[in-house]
Amino acid sequence: MPTQTEVFWRHLPGVRSRERTRFLFFAGLATLISLAQTLGLASSEALFLAHFGAQWLPVAFIGAAITTVLGSMMYAVRVGTERNDGLFVAMLVGSAVLIGVAAVAVGAGHHVVLPGLFCFYYLSQAVFVNHLWTFTGDFFDTVQSKRLIPLFTIGASVGGVIGGAVGALMAKIAGPVSLLGGWAVMLAGAALLIHRARHDLHRWGPLEAEEADETSVEGIQSAMRYLGSSPLGRWLSLSAMSMMLSLFVLQYLYSDVFAKAFETPERLAQFFGIYLAITNLIEIAIEVRVTPWLIQRFGVPAANLIHPLLTLASFGGLAHSYGMMAALGGRMNRELIENSFAGPLRALLYNAMPQRHRGRTRAFLEGVVVYAGMALAGVLLLVFDQTDPIWLCAAGGTMAVLYLGANIRVRREYVRTLVKELRAGRLDLEDLGDEVGQWETHQLAKLWEQLLANDRTSPSRSLLQLIPSLASRGHVEPLIRAASHPHPAVRRSCINALAAVGDDAGDTSIYLALDDEDEGVRLAALRGLIRVRSSARPLEPVFTRLLDDPAPTVRAEAAANAGELGEAVIARMIRSDSATEAIAALRCAPASMFEAVALRIHDRDPDVRAAALEYIARSNTPPRLDMHDLVRIARDENPQVRRAGVLLLANVDSIDAVHAIAGSLGDSSYAVQFAAETILGSLGETGIGAVEPLLRAQSERIVDSALRAVKAIQVPASREVLKGEFRHRVREIWRCVAAFQHLPDPSGIPSTFLELALSDDIMRSRRIAFKILELIEDRNVVRRVEKSLQSKSARARGDALEVLSHMGDRETASLLVLLHESGPLGDRIPAVTEILSVPMNEGDAIMVSRNLNNSWVAMAAVAVDSPEASMKYEVSLMERLLALKQVPLFSQLSLEQLEAIQQISSEVEYLASETIVKEGDPGGELYLLIEGKVRIYKGYGTLEERLLSSVNAVSYFGEMAALDDQPRSATVIAAERSRMLRLDGESLKELIRQMPEISFEIMRVLTGRVRRAESRQTAR
């Protein structure tokens, strides 16, 4: 029987298991702040209206708006200067103290502070709500926010229900002034909650290297610039302004009714408490049921028209009957509908904007523009001093009509902005889900068709990506017309989309596409017809006709569905001498073709061989090959064949097969690696047993793949294995770090190489340690920590170390924190020695180095400790690797990567005066001068001969020619007998294809050169 906890989370399926603790904290914080603000609203409004009356509301509106804008500006200046959690605590505590003092003053009869409390409520509401969502957004990524923010909104409504009920009870028992005390206490409680959770907050995030600063001064300036250039932004501004004008006129009218109906502060406070409890309860129902249904039914822009219509109806109701029922309806529209419906819809409208502008624009509109509208409403009410409410209803109704008109324009500009962002590739329509209604999609389809008509040669990727979205929303007519577009990619995408929706209207287009000139379009049409196969239109004639199609892929696909006649065609194609025909048939061959396919598993063409082997692997039949043959296939030089070999091994029930699959984890092809990881991930404990030895492999590529495979094995033991590896790597780092400190001064190749090898092992183990953390902790948080540790900011590093200290097991995490702390290493060693033993002198350093599970370190340590035992080849290898390390192009590469490069290099010798490279000759080789000296000339052998430079060992030249293949820009002559390594550019490019991570390190070096060149240019 499920526990209460399980039942609770079952009702919140959008919350993932690893998010639950974070979710409970932020939902609780939203509830607590909402509870406090509900008490604040009931008390400040009741006391103000009871003692001053509705006639003073216009002045209060102006004062509240000015206070809120000025306070928000002060907040904006401060928000980027300290941590969001610390700032939140300071604001909550400061507000609690201020409200507490005001409560004492009101209790003593000093009612002069009541207008200030009224204004302060609006300021605190604006700042706390803005900061709550900014603060919450620091700890959830975009996808998580989309799932969870609506649930936090529900939490805020729950706080409103509780706050309203508590407020009504407190007002009845202790009077309305007691609500001010409750307001202060709840804000202090929220501050305490954040303070108590500070360690968890450091562990959870924030996810970005810098916290969100959407409400900062820079953010507001950026929003203003965007609004000035965006039609959608300008209409949203007018919508926000007219909305606030109409709503505050409405507030003035219903407040007047309430103040006259409830003449004492106690009765007014009780009424507000009961009202807020009930309406917040209704808010929850609207947020959970009504708002999602309206969005799904009409889309966001269309549903956004409902609130201005209800606002217009509210003024009509008050004009018709200026009494309690109309006033209640007006207030429900002002608060309940705005909070549960209109506000969330406005937030979704911002999704059409570029992501970098969304938060800032929303903060500006919801802050500055909204409160400017509040102040303007106050001014209009003062100027339009009419005792008859009919005139005010007419004025407010006019503003509501303006609000409605602005929202109609917002709807149109929303679609245009969508198209603009889709074309620019900054937006995916699928990400918007139900936010776009049928009218908007129809307009989008019309604009899409116009753009496609103007883009007949090379349609953009975003236009193609829009096709399936339009089809899924029922807009097939534009796709039927576009199925005859000149570009085959458009035709192919349209046919795929029409087949996917299975609309009868698209059948004709699909049938016509069977005769398309493009092979891909014909194949898409054939597959589409197979997918939507209908008894009303038999496909046998289609399949028979396509058996003579010129394209092997189409012919094979048709044959696979054409019965006995088709089988004969596939059999002929399998036996064909054409590799293209054979491969197409092998990919479509039915199970009955096993014997025919088996004849091609030894084909000379590797692609045919791979297709045949993959067919046998798909058949789930134990291959008629012994283990030796299967292992040979899995080690073939062709990556597709190797991948097929791995898939074949998965069908063999043998521990040897499992170990052979594990052996493919270090394959140079990511497709082979992924296949091996996926298969091992399905084997449970057996997979762990095969992968575990590879976690200590010399190759970092193998270790990375083995770690991913362990993570994929969903058994409890896998996490323990990863934690064990984390402990091992961090401890190895400290042994190497301590050994490095006690090495003798470099005095030759072995000792110099030992320093390099130890440094390389430290960086390698550190990289692996953080990769393990990404697998056992939140990946985004780990990456943020690693990035912050490179920051020059002491605060950022300190925060990152605090987060790091809570990851993995505490003891190992503390060792990793010690490694990254600043200050002399000697000050940290005593703390390390309390956990593990590390080398404390030169002898210990050499001994630990000899015993490390690192062949480079061990080889160098032996050569340093026992020179006579060192082989000449080993010293030569160390010399080569040291020479490669001195080339800036390779300076950031690991020893594993350098060793791969040196394997494709060759050693050459040149005699004195011999030409090494000649100016104007084709380039393509990089030279590393190990011994000797060379001279570099411009115009060598001509009257304009000029010596550019002399280069002594150890150095290099020609590194750029290895990559760009440009002619040599100078002549290089051996000044004396010289020995060097020659690295062929084509071989280097092939190595990069096999080890693409090398290219990233080379790019860093080249980027550094560009930055330095730009700096020199700027300095001039």
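Author: Helices (H or I, at least four residues) and strands (E, at least two) are DSSP runs, numbered from the N terminus. By that rule Arg600 falls in the loop between α28 (594–598) and α29 (606–618). The model is predicted, so local features need pLDDT of at least 70 and side-chain atom pairs pLDDT 80 or more, while totals for chains, interfaces and linings use all residues. Residues are numbered from 1 along each chain as its sequence is written, and side-chain values use heavy atoms, with hydrogens and water left out.

Reader: Is Arg600 buried or exposed?

Author: Relative accessible area decides: buried is under 20%, exposed is over 50%, and partly exposed is in between (1.4 Å probe, protein chains only). Arg600 has a value of 13%, so Arg600 is buried.

Reader: Which residues is Arg600 in contact with, leaving aside neighbours within four places in sequence?

Author: A contact means heavy atoms within 4.5 Å. With those neighbours set aside, Arg600 is in contact with Ile574, Arg575, Ser576, Ala582, Val608, Arg609 and Ala612. As for Glu581, its C-alpha atom is 13 Å from that of Arg600, and the two are 19 residues apart along the chain.

Reader: What forms a salt bridge with Glu581?

Author: Side chains of opposite charge can pair when their charged atoms come close. Here a salt bridge is a side-chain nitrogen of Lys or Arg within 4 Å of a carboxyl oxygen of Asp or Glu. The partner of Glu581 is Arg555, with the closest N and O atoms 2.5 Å apart. This pair links distant parts of the chain, Arg555 being in helix α25 (residues 552–559) and Glu581 in helix α27 (residues 579–588), 26 residues apart. Arg555 is buried because its relative accessibility is 10%, whereas Glu581, at 23%, is partly exposed.

Reader: How many salt bridges does the rule give?

Author: The count is 36. One of them joins Arg22 and Asp778, whose closest N and O atoms are 3.7 Å apart.

Reader: Are Arg22 and Asp778 buried or partly exposed?

Author: Arg22 is buried, with a relative accessible area of 5%. Asp778 has 23% and is partly exposed.

Reader: Where do Glu919 and Lys938 lie?

Author: Their side chains meet in a salt bridge (3.5 Å, N to O). Glu919 is in the loop between β2 (915–917) and β3 (925–931) and Lys938 is in strand β4 (residues 933–938), so the pair ties together parts 19 residues apart in sequence. Glu919 is partly exposed at 29% relative accessible area, and Lys938 is partly exposed at 30%.

Reader: Which residues are linked in a network of salt bridges?

Author: The network links Glu879, Arg880, Glu907, Glu931 and Arg979.

Reader: Which residues make the nonpolar surface patch?

Author: Patches are made of residues with over 30% relative accessible area and no salt bridge; like charges are joined within 9 Å, and nonpolar side chains (Val, Leu, Ile, Met, Phe, Trp, Tyr) within 5 Å. Accessible areas come from the Shrake-Rupley method with a 1.4 Å probe, and for residues only the protein chains shown count as cover. Trp56, Val59, Leu376, Val379, Leu380, Leu382 and Val383 make a patch of about 620 Å². Helix α15 (residues 355–383) gives the most, with five residues. Val59 is in helix α3 (residues 57–79) and counts as partly exposed at 40% relative accessibility.

Reader: How many residues of helix α40 are buried?

Author: In α40 (residues 810–820), eight of the 11 residues are buried, and the helix is mostly covered. The buried residues are Thr812, Ala813, Leu815, Leu816, Val817, Leu818, Leu819 and His820. Their cover includes α36 (716–741), α37, α39 (794–804) and α41 (825–833).

Reader: What are the totals for the chain?

Author: The chain has 48 helices and eight strands. Buried residues make up 53% of its 1020 residues. Among contacts between residues at least 6 apart in sequence, 74% join residues at least 24 apart. The accessible surface comes to about 45700 Å², with 56% belonging to carbon and sulfur atoms.
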